[in-house]
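Look at the sequence and the model shown here. The paragraphs after them go from single contacts to whole chains.

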Amino acid sequence: MVMLNEPNPSQNKFWSLLSKKLSSEATSEELEELQSILLSTPDLHSQADILTEMWQQQGVINKSITSEGAYMRHIMKHKDEFFVEEDSIETNSDDIVSEASPGFFRSLFSTKRLFILSFLAFIILTTGAIYLLTQKNDAKLPTEKGISSIVTKNGNRTKVVLPDGSQVWLNAGSNLDYDNSTFNNELREVSLNGEAYFDVTKDPEKPFIIHTKKMDIKVLGTVFNVRSYSDEKIAEAALIKGSIEVTLTDRKDQKIILKPNEKISISNEEPKSEKKPEKISSVKAVAVRIPQFEVNDLKPNPTYNIIGEIAWTQNKLFFEDEIFEDIVLRMERWFGKKVTIANESLKNVHYTGNYENETLEEVLLSLKLSKSFNFRIGNDNVVIY
Amino acid sequence: MKRTEDLISLGERIAKDDQLAYRQLFILFYNKLSRFVMGFTKSKELTEEIVSDVFINIWRRRKNMEEIKNLKLYLYVSAKNTTFNYLKKLHRENLTDLDSVEIEPEDPFADPGAAMITREMNLKLKAAINELPPRCKLIFTLIKEDGMTYKQTATLLNISESTVENQLSIALKKISSAIRYTFRHN
C-alpha cells in the first residue's frame, strides 16, 4: 500500500497500460510493454491477475423481471403509438415526432384511426379517475368514495396504478374492484375476477389482499400473476418474486406460503372434478367439499424461453400443451371474438403456441398445421369444425 | 455487451416497425441506462420516466434510424440530455455536475468458475468500487459494465480521452490496493 502511494512513473505507466488492456484499448506495442513491466515486477503480477478476473466478471444483471415490467409500463404509457395498425404509421410519423410529452389528449386530435379513439375512450370510461393517477404531476386525485371498478373487455388489456402505488396489469375479460374509502387504511383489499399481474408496493404495515372466488392472497410487497376466470377449470397464482400467502376460500384454516417461482393451481369447479388423482377423491369421500390444489415450480418453456403464466404481460398469447377447448377460451378473450368448437372430437386436441402480433386467422392457420380442422370467421364470432 | 453488428441489425429492424426488435433493445439497455440516469436523478420514478422518454424517441424517429451512427452512444447521450433537461426544469441543474453523480455499482458476484476471487475478496472489491470518487466510479462503470470505449465515454461526458484514461487507471489502482490489504492480512 505504501509503495502504491509513492510517485513512481513506471507504476503509473503500469496502471494506465492495464486499464487499456482490460478495456480493449491497448495496441500490440502497449501489450508488450505491459508484459515486460510484469516480468520485471513480479509483485504486480497477482494484482493484474485478480483485476483481470474481476473485469471479466459481469456485474449481476438478474433484473430481467424489472426491465420486462418497465417495458410493459413503457408500452402502456405510450400505447397510442404502439397499438396502431401498421399502415397508418407512415402517414402519422411527422406529427408524432414533433410531440415531446406523452399524454392521451393529443391522440384525440391526431388523425389516427377510429379504433384508437375507441380504445382510449374505453380506458377513460372504465378506469376513469384511476387512470389519471398514472399520469405524473397530475394533482387531481380522485376523492369520491365508493367502489372503484376496473373492467377490461375481451380483446383489451390495461394497466392501472392503485392509490398505494401498486401496479396492476389487467388481462382481457377481467375486473378488479376495490373500495375507495377503505383501501389503504389498514389493509389494501381488492377483488379480482379474471387475470392480473401485480407489482405490489412494499408496505409491511398494510397487507395487500386479493380476493378471488377460490382463494385469498395476502402479500406484503411482491410481483406475481393471478388467474381466476370463472369459466376456466383451474385458478392459479404464480409468484415471480417476494412471497405470498394463499388462503383457500373453502378452507380458511389452511394457509399456503408460496416461494418465488412457484405457482399454486386450484380446481375452479365445484367438487366433482373428473381428472384428478385418486388419493384426493378418496379423501373427498370422507371430507366434503375440499378444493383440490397443487403447488408446482414455474418453468420457462425451453423452446420459447418464456414463463407461460406471465407471457401475456409481454403481449404474448402463449399456451403450452393445452387442450383446444381451453385455448379457445383464451383466444376469445385475447381477440374479443366468440369462438366455438362445433366438432366435439377437436376439443381435446393438444396444442402449443406462441403468438405476438398475429391475427386470430393467422393463429388458427398455424394451429391447423399440427392437427387439421376447418374454421369460419364471422364479424364477431368464429366457428371451428 | 452486444456486438456492434447486432445493434446495427436491431436498428434496421426497428426502422421496419419491428416491435420485437424494439423490445430487445429496451431490455438490453434498460438497466444500464437506468443506472446511468439514476446517478444524476437519485430518483427511481424520475429515472423510469427519463429512460422511457429516451426509448419513445427512438420509436418516434425509427424511420430515420440510419441517421444514427452509433446506436449505443446515441442512447446514452440522449439519456444524458433528457436527464439534464428534466433536472433543469426541476431547478436542480447543479446536480448535473459529474462530481455529484452517485452510481450504484452492480454486485461483482462470485463466479463459481473464478480461480482467484473468493467471496470475501468480492465484498472488498465491491466496497472499493463503491468508495471510488463519483466521477471515477462513473467512468469505471461506463467502461467495465456498459462496455463503452474511451472515446465514447469522453464524448458522452464531454471530457478528454486522456481524462478517461487517467480516471480508469486511478480506479484500478484504488481497487487493487483494497485487495493487497486482503493478501497481507490473510
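Ala237(A) touches Met215(A), Ile217(A), Phe224(A), Val226(A), Ile244(A), Val246(A), Leu258(A), Lys263(A) and Ile264(A), leaving out residues up to four places away in sequence. Two residues are in contact when their C-beta atoms, placed from the backbone, lie within 7 Å. This is a predicted model, in which local features need pLDDT of at least 70 and side-chain atom pairs count only at pLDDT 80 or more, while totals for chains, interfaces and linings use all residues. Residues are numbered from 1 along each chain as its sequence is written, and chains are lettered from A and ligands numbered from 1 in the order in which they are written.

Ala237(A) also belongs to the largest nonpolar core, which has 109 residues. A nonpolar core is a set of buried Ala, Val, Leu, Ile, Met, Phe, Trp, Tyr and Cys residues joined through C-beta atoms within 7 Å. A residue is buried if 20 or more other C-beta atoms lie within 10 Å of its own, exposed if 12 or fewer, and partly exposed in between, with C-beta atoms placed from the backbone. Which members of this core touch the most other members? They are Ala196(A), Phe224(A), Ala237(A), Leu33(B) and Ala79(B). Helix 2 (residues 19-41) of chain B gives the most to this core, namely ten residues. Helices (H or I, at least four residues) and strands (E, at least two) are DSSP runs, numbered from the N terminus.

Chain A has twelve helices and 18 strands. Of its 385 residues, 30% count as buried. Among the contacts in chain A with a separation of 6 or more, 48% are between residues 24 or more positions apart.

Strand 4 (residues 174-179) of chain A shows how a strand can have two faces. In a regular strand the side chains alternate between the two faces of the sheet. Two strands pair if DSSP finds at least two bridges between them. Strand 1 (residues 147-152) of chain A runs antiparallel to strand 4 of chain A and is joined to it by six bridges. Strand 5 (residues 188-199) of chain A also pairs with strand 4 of chain A in the antiparallel sense, over three bridges. Leu176(A) stands opposite Ile150(A), and its bridge partner in strand 5 of chain A is Leu192(A).

Another sheet in chain A is open and has three strands in the order 15-18-17, with mixed pairing. Its edge strands are strand 15 (338-341) and strand 17 (375-377) of chain A, each of which pairs on one side only. Strand 15 of chain A pairs with strand 18 (residues 381-384) of chain A in the parallel sense over four bridges. Within strand 18 of chain A, Ile384(A) stands opposite Ile341(A).

Chain B has eight helices and zero strands. Of its 186 residues, 41% are buried. Residues 24 or more positions apart account for 67% of the contacts in chain B with a separation of 6 or more.

Helix 2 of chain B and helix 4 (residues 71-89) of chain B have axes that come within 10 Å and cross at roughly 35°. Axes are lines fitted to C-alpha atoms, for helices over the stretch in contact, and angles run from 0 to 180 degrees between N-to-C directions. In helix 2 of chain B, Phe29(B), Leu33(B), Phe36(B), Val37(B), Phe40(B) and Thr41(B) meet Leu75(B), Tyr76(B), Ala79(B), Thr83(B) and Leu87(B) in helix 4 of chain B.

Helix 7 (residues 150-157) of chain B has the buried residues Tyr150(B), Gln152(B), Thr153(B), Leu156(B) and Leu157(B). Seen down the axis of helix 7 of chain B, these residues fall within an arc of 165°, so they line one face of the helix. The arc is that of the directions from the helix axis to the C-beta atoms.

Asn158(B) lies in the loop between helix 7 and helix 8 (161-185) of chain B, and its phi is positive, near 55°. Most residues other than glycine have a negative phi. Asp17(B) likewise has a positive phi, of about 65°, although it is not a glycine.
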